[in-house]
Amino acid sequence: MNLEKTAGFVPGLSSELDGALCYAELGTSFRKSGGHYTYLLETLGPLPAFLQLWIEFIFIRPAVATYVSLAFGQYVVEPLFMPCVAPTALVKVVSMLGVTFVAAVNCWSVSMAARTQVLLTFIKMFALILIIIPGIMALVNGKTENFRNAFDSDSLSLTKLPLSFYSGLYAYGGWFYLNFITEEVINPNRTIPLAIVFSMVTVTVFYVLINVAYYTIMTANELLMSDAVAVTFASRALQGVAPAIPVLVALSCLGALNGGFFSSPRMLFVGAREGHLPAIFSMIHIRRQTPLPAVLCLYPLVIIMMVRGEIFQLINFASFSRWLFIALATLGMIIHRYRFPDHPRPFKVPLAVVVIFTIVCFFIVGLSLYSDPWNTGGSCALTLSGVPVYYLTVKKSYIPKRWKKAFNYLSLHLQIFLEVAQQEVQTY
């Protein structure tokens, strides 16, 4: 995290909290899984929902999964080659192995994926505590020189604000994942608001403290130079257990990757159920009850992107579309409140919070087109490329009958091969 990225740290945190509260209301107002896609479909209509689904699975979700998996590979490989630079090819191979493991777990069993997530979350919390304690102890003992003039920078400018926000927002992201699996949550009217609020408070406390610990031991330039910050930190502050830190952080990344593979395919599943994607993606395994086709669709996209993706460009490229549709979802919530004032809303957020969050999101998205036109413009173009796809395949199908027949034949044999079928029990 460089000095420009830290500019978005506190404002980004505030925006995340407002957004989390908005999504707590959306999750209790609409009882379907699918997250952003479902809320856009219910409030703004099928076209925005389809575009969100389109960009989510051809770019956003593979980009985010690639980012996390490359971090996993970096922390596994980096300690083996210190002080030299780890081979990029080896990092990518290890990252692919991590993605393969997570995909296999999510294909095999829902309960196994959930238990894996719980275990990896506990490991993550342990790793965070292990890093925080020596950093805070050093700070208490008077090591404060790295915080003097911490925000002095000659390179700060308004045009760099959106990109700093994107990094801060990404760090605190994840509060909307629970909304992807609403139909699988017991008593969502109570569970979703409590889980979102509790998790945001926990993440805030731990992430602020771990940044304080990092900056206590390391300078800003040292953080910029390090490809694996926790490894560098451990070599200075945790010499006795330094070899364990990269392993713990790698497992933490694996947990984040597993969470994405557990929740995101549910959006693809719901989109297919609504008729916006081929029906096979709305099927589940007849014995394991996992959304097997949806998970298998995501896996090769991540592998392809991993081959040539650049880690920081992935954040900027994917963040534009992600935050555009989050802003549209909360805008849709405002419109839905006005159009349907009597719709049940077990958890209701003050209108001012929703309006402020929506305006901030649109401001960041709009300004990022100016500050980073190449990445954000490409992301915008990729999103809009879904418009002709929607009108040619969903709104009114112009697909030749011969192609439809071939696709139906292929889908039938895939269904038999994968042992999947349509969901029998309605869960919404």
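This is a predicted model: local features need pLDDT of at least 70, side-chain atom pairs count only at pLDDT 80 or more; totals for chains, interfaces and linings use all residues.
Local features are given where pLDDT is at least 70 and side-chain atom pairs count only at pLDDT 80 or more, while totals for chains, interfaces and linings use all residues. Residues are numbered from 1 along each chain as its sequence is written, and side-chain values use heavy atoms, with hydrogens and water left out.

**View 1. Helix 5 crossing helix 11.** Helix 5 spans residues 88–108 and helix 11 spans residues 244–273; helices are DSSP runs (H or I, at least four residues) numbered from the N terminus. Their axes come within 9 Å and cross at roughly 45°. Axes are lines fitted to C-alpha atoms over the stretch in contact, and angles run from 0 to 180 degrees between N-to-C directions. Helix 5 and helix 11 are therefore oblique to each other (under 35 degrees is roughly parallel, over 145 roughly antiparallel, 65 to 115 roughly perpendicular, and the rest oblique). On the side of helix 5, the contact (heavy atoms within 4.5 Å) is made by Gly 98, Val 99, Phe 101, Val 102, Ala 103, Val 105 and Asn 106. Helix 11 contributes Leu 254, Leu 257, Asn 258, Phe 261 and Phe 262. Nine of these residues are nonpolar, three are polar and none is charged; Ala, Val, Leu, Ile, Met, Phe, Trp, Tyr, Cys and Pro count as nonpolar, Asp, Glu, Lys and Arg as charged, and the others, Gly among them, as polar.

**View 2. Helix 4 crossing helix 16.** The axes of helix 4 and helix 16 (residues 386–395) come within 10 Å and cross at roughly 115°. Pro 46, Leu 47, Phe 50, Leu 51 and Trp 54 of helix 4 meet Gly 386, Val 387, Val 389, Tyr 390, Tyr 391 and Val 394 of helix 16. This contact has ten nonpolar residues, one polar and no charged.

**View 3. Trp 175 in the largest nonpolar core.** This core has 117 residues, and Trp 175 and Phe 261 have the most contacts inside it. A nonpolar core is a set of buried Ala, Val, Leu, Ile, Met, Phe, Trp, Tyr and Cys residues joined through side-chain atoms within 4.5 Å. Helix 4 (residues 46–81) supplies the largest share, 17 residues. Leaving aside residues up to four places away in sequence, Trp 175 touches several residues, including Glu 16, Tyr 23, Met 200, Trp 323 and Phe 357.

View 4. Leu 369 lies in helix 14 (residues 351–371). Its relative accessibility is 36%, so Leu 369 counts as partly exposed (buried is under 20% relative accessible area, exposed over 50%, partly exposed in between, with a 1.4 Å probe and protein chains only). Beyond residues up to four places away in sequence, Leu 369 touches Phe 320, Thr 376 and Gly 377. The C-alpha atoms of Leu 369 and Cys 380 are separated by 8.9 Å, the two residues being eleven apart along the chain.

Technical notes:
Helices (H or I, at least four residues) and strands (E, at least two) are DSSP runs, numbered from the N terminus.
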